[in-house]
Amino acid sequence: MSSGNPSFFMEKRAVRRAFEQAAAGYETSAVLQDQVGAQLIERLDLVKLEPQWILDMGSGTGLQSRRLNRRYPRARLLALDLASNMLQQARRRKGWRQRQYFCQGDAEDLPLATASIDLLYANMSMQWCNDLDQVLREFARVLRPGGLLMFSTLGPDTLKELRHAFAAVDDQSHVSHFIDMHDIGDALVRQGYEMPVLDVEHYQLTYAAVDDLLRDLRNIGATNAAAGRARGLLTPRRLQALRQAYEGFRADGRLPATYEVVYGHAWGGGPHASPREDGGIVFPLTRLRRRP
């Protein structure tokens, strides 16, 4: 996300183009995205919810859409993504009995009716947006009163080794910048969400060479789309400088790549949820279905 700095502003055309190109092989390389998405769904164990409509925001090829449909077989699920090729893959891979629908769209301007969604699930997609408040405002608009937002996104420590290594090459922007968990919490409050809960987990993937990390990022469409990014391919000289700088992080024969993942959930405005004795949340569905 841009955090108000124009040089970090995402070019949506570049974001969409990268994900269009990555769609066919995405699931082979999206190891972290899959693990985080599964953990985010496991967190639904803490709430009692029987959604009629689920929005999988930034669904990609539908990895988590399929899991959500298995968890809530009676629910209708809308898979929404910026890239049409991702949605084509999702359509091909869905189970024939799963009630899924597909829509190309942007989280900052959702093509959905107000108060139409019971559960909004956004796994590792919000970081590709420019205006966090606008995203959360749109999410709040489409959630039914008392609907649940479950999300994961990336925090500032993500790819810190790569960012540091590139700083030894030039002063251009090569790695996206990510918003701190506390700023996300403040934005949830500003947009009227209730009972927001956030926490952070750090993950570390390791590689034999920095070229493998760069290849992995390309394969999932996670290329640098910042408006202030350096244009064109790395020259052999600069690529070699990057390799040498990254070697400073090698430990036990491997190169680390850190990911800071922010997990969060919050309730839309409307009837309040109440805590269970085991620490979970019980939500009054009869009131959830009532429309103003």
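**Sheet order, helix packing and selected buried residues**

Tryptophan 53 stands opposite arginine 76 of strand E3. The model described here is predicted. Strand E2, spanning residues 53-57, is joined to strand E3, spanning residues 76-81, by five bridges, and the two strands run parallel. E2 is mostly covered, as four of its five residues are buried. On from E3, a further five bridges connect E3 to E4, again in a parallel arrangement. Within this pairing, alanine 79 has phenylalanine 102 of E4 as its bridge partner.

These pairings form part of an open sheet of seven strands, in which the order is E4-E3-E2-E5-E6-E8-E7 and the pairing is mixed.

Serine 65 is located in helix H4, which covers residues 63-71. The relative accessible area of serine 65 is 0%, and the residue is therefore buried. Apart from neighbours within four places in sequence, serine 65 is in contact with Asp56, Ser59, Leu77, Ala79 and Gln100. One of these contacts, Ala79, is the residue whose bridge partner in E4 is phenylalanine 102.

When neighbours within four places in sequence are left aside, the contacts of glutamine 33 are Tyr26, Gln64, Asn123, Met124 and Ile220.

Two packed helices are described by the angle between their axes and the distance between the axes. For helix H9 (residues 210-219) and helix H10 (residues 236-246), the axes come within 9 Å and cross at roughly 110°. H9 is therefore roughly perpendicular to H10. The contact is made by Val210, Asp211, Leu213 and Leu214 on the H9 side and by Leu239, Leu242, Arg243 and Tyr246 on the H10 side. The residues of this contact comprise six nonpolar, no polar and two charged.

Tyrosine 246 belongs to helix H10 and takes part in the contact with H9. The relative accessible area of tyrosine 246 is 1%, so the residue is buried. Beyond its neighbours within four places in sequence, tyrosine 246 is in contact with Glu161, Leu162, Ala165, Val210, Leu213, Leu255, Pro256 and Ala257. Among these residues, Val210 and Leu213 lie in H9. The side chain of tyrosine 246 also reaches the backbone oxygen of proline 256 at a distance of 2.6 Å. Tyrosine 246 and proline 256 are separated by 10 residues in sequence, and their C-alpha atoms are 9.2 Å apart in space.

Conventions
Residues numbered from 1 in each chain as written. Predicted model: local features only at pLDDT ≥ 70, side-chain atom pairs only at ≥ 80, totals over all residues. Heavy atoms only, no water. Axes fitted to C-alpha atoms, helices over the stretch in contact; angles between N-to-C directions. Parallel < 35°, antiparallel > 145°, perpendicular 65-115°, else oblique. Contact = heavy atoms within 4.5 Å. Nonpolar A, V, L, I, M, F, W, Y, C, P; charged D, E, K, R; others polar. Buried < 20%, exposed > 50% of the residue type's maximum accessible area, 1.4 Å probe, protein only. Polar contact = N/O pair within 3.5 Å; in protein donor to acceptor, adjacent residues only side chain to side chain. Pairing = 2+ DSSP bridges.
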